[in-house]
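This briefing reviews a single structural model by topic.

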Amino acid sequence: TPYWSHGEAVVEVTGTTTKREGGRDVYLVFTTSGTFRNTDSLHYLKFDSSDLQGQLNRPGRYRINYYGFRVPVLSLYRNITRAEEAP
């Protein structure tokens, strides 16, 4: 079911990958709470997705902020705007 959401959550990162989409890299972050993307966002003034992906490449618990549509049939994922290690 498609839905829009935004907020904050503590997630357990289990893996990451990079896929090529429209001539640019899209970072995906797999968690026990679902899959998220990690891309730059002019609207949220986020321009450090590659640095953030480097941080998230280490499995562990993270407090993340996110926004976006989740539409499974179109492979649309919510975008992470901020992440920090969580205890």
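Leu45 is placed in the loop between S3 and H1; helices (H or I, at least four residues) and strands (E, at least two) are DSSP runs, numbered from the N terminus. The model is predicted: local features need pLDDT of at least 70, side-chain atom pairs count only at pLDDT 80 or more, and totals for chains, interfaces and linings use all residues. Residues are numbered from 1 along each chain as its sequence is written, and side-chain values use heavy atoms, with hydrogens and water left out.

- Although Leu45 is not a glycine, its phi is positive, at about 50 degrees.
- Leu45 counts as exposed because its relative accessible area is 64%; buried means under 20% relative accessible area, exposed over 50%, and partly exposed in between (1.4 Å probe, protein chains only).

**Helix H1 and its buried face**

- The buried residues in H1 are Ser49, Leu52, Gln53 and Leu56.
- Seen down the axis of H1, these buried residues fall within an arc of 105 degrees, so they line one face of the helix; the arc is that of the directions from the helix axis to the C-beta atoms.
- An α-helix has 3.6 residues a turn, so residues three or four places apart point the same way.
- Strand S1 (3–21), strand S2 (24–31), strand S3 (34–38), S4 and S5 are the elements against which the buried residues of H1 pack; contact means heavy atoms within 4.5 Å.

**Gln53 and Leu56 within the helix**

- Gln53 belongs to helix H1 (residues 49–56) and is buried, because its relative accessible area is 4%.
- The side chains of Gln53 and Asn38 are joined by a polar contact of 3.0 Å. A polar contact is a pair of N or O atoms within 3.5 Å; within protein, one must be able to donate a hydrogen and the other to accept it, and residues adjacent in sequence count only if both atoms are side-chain atoms.
- Leaving aside residues up to four places away in sequence, Gln53 touches Thr16, Thr17, Tyr27, Leu28, Val29 and Asn38.
- Leu56 also has its place in helix H1, and its relative accessible area of 0% makes it buried.
- With residues up to four places away in sequence not counted, the contacts of Leu56 are Val13, Thr16, Val29, Tyr62, Ile80 and Ala83.
- The C-alpha atoms of Leu56 and Ala83 are 8.1 Å apart in space, while the two residues are 27 apart in sequence.

**Asn79 in strand S5**

- Asn79 is found in strand S5 and counts as buried, because its relative accessibility is 0%.
- The backbone nitrogen of Thr39 is reached by the side chain of Asn79 at 2.9 Å.
- Not counting residues up to four places away in sequence, Asn79 touches Arg37, Asn38, Thr39, Ser41, Lys46, Asn65, Tyr66 and Tyr67.

**Salt bridges**

- The count comes to six salt bridges, where a salt bridge is a side-chain nitrogen of Lys or Arg within 4 Å of a carboxyl oxygen of Asp or Glu.
- One of them pairs Arg82 with Glu8, whose closest N and O atoms are 3.7 Å apart. This pair links distant parts of the chain, with Arg82 in strand S5 and Glu8 in strand S1, 74 residues apart.
- Arg82 is partly exposed at 34% relative accessible area, and Glu8 is partly exposed at 45% relative accessibility.
- A network of salt bridges links Glu8, Arg63, Arg82 and Glu84.
- Lys19 is bridged to Glu21, with closest N and O atoms 3.3 Å apart. Lys19 is partly exposed at 30% relative accessibility, and Glu21 is partly exposed at 36% relative accessible area.
- Arg20 forms a salt bridge with Asp25, the closest N and O atoms lying 2.9 Å apart. Arg20 is exposed, with a relative accessible area of 58%, whereas Asp25 is partly exposed at 37% relative accessibility.

**A nonpolar surface patch**

- Trp4, Tyr44, Phe69, Val73, Leu74 and Leu76 form a nonpolar patch on the surface, and together they have about 670 Å² of accessible area.
- Patches are made of residues with over 30% relative accessible area and no salt bridge: like charges are joined within 9 Å, nonpolar side chains (Val, Leu, Ile, Met, Phe, Trp, Tyr) within 5 Å.
- Accessible areas come from the Shrake-Rupley method with a 1.4 Å probe; for residues, only the protein chains shown count as cover.
- Val73 lies in the loop between strand S4 (60–70) and strand S5 (78–85), and its 74% relative accessibility is why Val73 counts as exposed.
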